[in-house]
Amino acid sequence: MKKIMFMAAFAVFGLSNGFAQEAETTYGFEEGGIILEGNLGYNSTNDKNTDIKTSGFTINPKLGYFLTEDFAVGVQANFNSSKREVSGTDVRDNNSFGAGIFGRYYFLDLGKRFKTYTELGLEYSTEKDKINDFKANGFGAGLNLGINYFVTDKIAISFGLADVLSYTSTKADGGKAVSSFDGNINVLNNFFETAQFGLLFKL
């Protein structure tokens, strides 16, 4: 009986100590802080009915600096590569690269670990298809929403929910510019369909 009471007391002490440590831990950002954020993606399909194979990957890193505990500015880049093969013959070998800047504002805390933000980004990009001799340059701007969930005080999972507003302008070699403007009014209903997941590290 004494053994059971001792184990129960030990368990209660362990839980209370864990809660105390959780209460003391601060999740979030501070002025002068630096973050490294990014995500990786890969896809591959092989349709034996049509003998079409596709593959692609993407890398999107960001580096940010906090001017205040709620507002950060930084630089971003992305690289995308995709290939398409039909009946053993390559019909597309496309690579694109983009670089730009962003500003991010954290405006709402959902508990201690969830930090909600809005972000405005500007980016210049280039695209090239080796097989089809296609080249293009473009410019884009976007306003989006996101959430960081802190796993530890230094590491967070990033959820890029959706683009609220976006503008792009692309011009292929020898052609005229093609521009588009999109507004995602239904952002809160379909963000799981467009969400991007990544990791954030406080340096």
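Here are some questions and answers on this predicted model.

Q: How many helices and strands does the chain have, and in what pattern do they follow along the sequence?
A: Let's count first: the secondary structure comes to 2 helices and 9 strands. Reading along the sequence, you get the pattern α-β-β-β-β-β-β-β-β-α-β.

Q: Of the contacts between residues at least 6 apart in sequence, what share joins residues at least 24 apart?
A: The chain has 203 residues, and buried ones make up 29% of them. As for contacts between residues at least 6 apart, the share that joins residues at least 24 apart is 55%.

Q: Is lysine 83 buried, partly exposed or exposed?
A: Lysine 83 sits in strand 3, residues 71-86. Its relative accessible area is 42%.

Q: How far apart in space are lysine 154 and lysine 202, C-alpha to C-alpha?
A: Lysine 154 lies in the loop between strand 6 (134-150) and strand 7 (155-172). Leaving aside neighbours within four places in sequence, lysine 154 is in contact with Leu200, Phe201 and Lys202. Lysine 154 and lysine 202 are 48 residues apart in sequence, yet their C-alpha to C-alpha distance is 5.0 Å.

Terms used. Residues numbered from 1 in each chain as written. Predicted model: local features only at pLDDT ≥ 70, side-chain atom pairs only at ≥ 80, totals over all residues. Heavy atoms only, no water. Helix = DSSP H or I, 4+ residues; strand = E, 2+ residues; numbered from the N terminus. Buried < 20%, exposed > 50% of the residue type's maximum accessible area, 1.4 Å probe, protein only. Contact = heavy atoms within 4.5 Å.
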